[in-house]
Amino acid sequence: MYFRMLNNDASGELTYLLADLDAREAILIDPHGRDLPLLSALLGERELHLCWVLRTHHHDTLQADEHDQLAQLGAPLVQGDALAALHLSDGDVLPFGDEMVRIMSTPGHTPVCLSFAWRDRLFCGGLLALTACPHQPRPAEPEALWDSVTQRILSLPDETLLFAGHEQHARAVSTVLEQRRWHPYFAGRTRDEFLAQMASLPAQKIPESTF
């Protein structure tokens with residue numbers, strides 16, 4: 001297997017490349033149109049056939065040409081509002097080589113967020129990095145987010161590795177155990193306390209302190 005993580009220093013957005021090198025088949029999770037030359041080069045370097053383009057969430061109303069750019073990768077584009085068109089649904093598996101990734105419906109950051117499970121890893125986009133998304137600094141549906149995180153994410157085995165769609169303080173990966181115990185918005189909170197805190201978040205991203 002081949003696993004590669006790409007980090008955009010300016011936005012903090014993360015992209016993941018997974019490939020079965022024996023079969024030379026790959027998937028991309030949360031690629032971005034601006035990175036097409038780099039992504040094509042990475043695929044070409046190892047002569048990989050791209051089977052799926054997976055998006056945990058998207059903000060295409062703010063990035064009007066993003067969908068069309070990603071279509072140039074030549075693989076089916078799997079995102080929350082396109083599952084029915086692809087005859088896919090929650091729990092379905094997507095094969096690449098001898099590997100497979102499972103679709104999980106996890107709305108909240110946006111109404112149609114997905115997570116993708118592979119082996120002991122879950123790629124969960126902006127679900128846990130609540131205020132890190134450069135396009136949306138607060139959850140679109142806090143009630144759905146609470147359910148997705150507490151019922152679907154934090155109920156997984158402690159050792160499950162969680163990969164975010166946006167880095168926070170130079171971190172991209174954590175574990176279910178860590179997030180269950182120490183997440184600043186979920187750990188030790190009731191649903192009502194969580195919703196009250198989400199209601200207090202600013203509608204626009206506040207620049208982080210430089211000290």
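This report covers the sheet, helices, hairpins, loops and cavity of one predicted model.

## Basis

The model is predicted: local features need pLDDT of at least 70, side-chain atom pairs count only at pLDDT 80 or more, and totals for chains, interfaces and linings use all residues. Residues are numbered from 1 along each chain as its sequence is written, and side-chain values use heavy atoms, with hydrogens and water left out.

Helices (H or I, at least four residues) and strands (E, at least two) are DSSP runs, numbered from the N terminus. Two strands pair if DSSP finds at least two bridges between them. Strands of a sheet pair through backbone hydrogen bonds, either parallel or antiparallel.

Here 5 strands make an open sheet with mixed pairing, ordered β1-β2-β3-β4-β5. The edges are β1 (2–7) and β5 (77–78); each has a single partner strand, so one side of each lacks a neighbour in the sheet.

β1 and β2 run antiparallel and are joined by 6 bridges. Tyr2 stands opposite Ala19 in β2. The two strands form a hairpin with 6 residues between them, and Gly12 in its turn has a positive phi of about 80 degrees. Next comes the pairing of β2 (residues 14–20) with β3 (residues 25–29), antiparallel over 5 bridges. Within it, Leu18 has Ile27 of β3 as its bridge partner.

## Helix α1

Burial is set by relative accessible area: buried means under 20%, exposed over 50%, partly exposed in between (1.4 Å probe, protein chains only). In α1 (residues 36–45), the buried residues are Leu36, Leu39, Leu42 and Leu43. They span an arc of only 130 degrees around the axis, which puts them on the same side of α1. The arc is that of the directions from the helix axis to the C-beta atoms. An α-helix has 3.6 residues a turn, so residues three or four places apart point the same way.

Pro37 and Glu45 are exposed on the other side of α1. The buried residues pack against β1, β2, β3, β4 (49–54) and α2 (66–71), with contact meaning heavy atoms within 4.5 Å. Just after α1, Glu47 takes a positive phi of about 55 degrees.

## Helix α5

Helix α5 (residues 191–199) buries Phe194, Leu195 and Met198. Seen down the axis, these buried residues fall within an arc of 95 degrees, so they line one face of the helix. Asp192, Ala196 and Ala199 are exposed on the other side. The cover over the buried residues of α5 includes α3 (142–153).

Strands β8 (residues 114–118) and β9 run antiparallel, joined by 3 bridges. Phe116 stands opposite Phe123 in β9. Strand β9 (residues 121–125) is mostly covered, with 4 of its 5 residues buried.

The hairpin has 2 residues between its strands. Arg119 lies in this loop. Its phi is positive, about 50 degrees, although Arg119 is not a glycine. At 58% relative accessibility, Arg119 counts as exposed.

## Two other loop residues

His87 lies in the loop between β5 and β6 (93–96). This residue is not a glycine, yet its phi is positive at about 60 degrees. With 74% relative accessibility, His87 is exposed.

Asp158 sits in the loop between α3 and β10 (161–168). Asp158 is partly exposed, with a relative accessible area of 34%. Not counting residues up to four places away in sequence, Asp158 touches Thr175, Val176, Leu177 and Arg180. Asp158 and His67 are 91 residues apart in sequence and 35 Å apart in space, C-alpha to C-alpha.

## The cavity

Rolling a probe the size of a water molecule over the atoms shows where empty space is left. A cavity is a set of points, on a 1 Å grid over the protein atoms alone, where a 1.4 Å probe fits but cannot get out; lining residues have an atom within 4 Å of a point. Grid points are joined across faces, edges and corners, and a volume is the space filled by probe spheres set on the points.

A search of the whole structure finds 1 cavity of 30 Å³ or more. The largest cavity has a volume of about 130 Å³. Its lining holds 14 residues, with Glu13, Asp30, His32, His57 and His58 nearest the centre. By class, the lining has 2 nonpolar, 8 polar and 4 charged residues. Ala, Val, Leu, Ile, Met, Phe, Trp, Tyr, Cys and Pro count as nonpolar, Asp, Glu, Lys and Arg as charged, and the others, Gly among them, as polar.

How values were computed: 1 Å grid on protein atoms, 1.4 Å probe; cavity = no way out; pocket = protein on both sides within 12 Å on 5 of 7 lines; lining within 4 Å.
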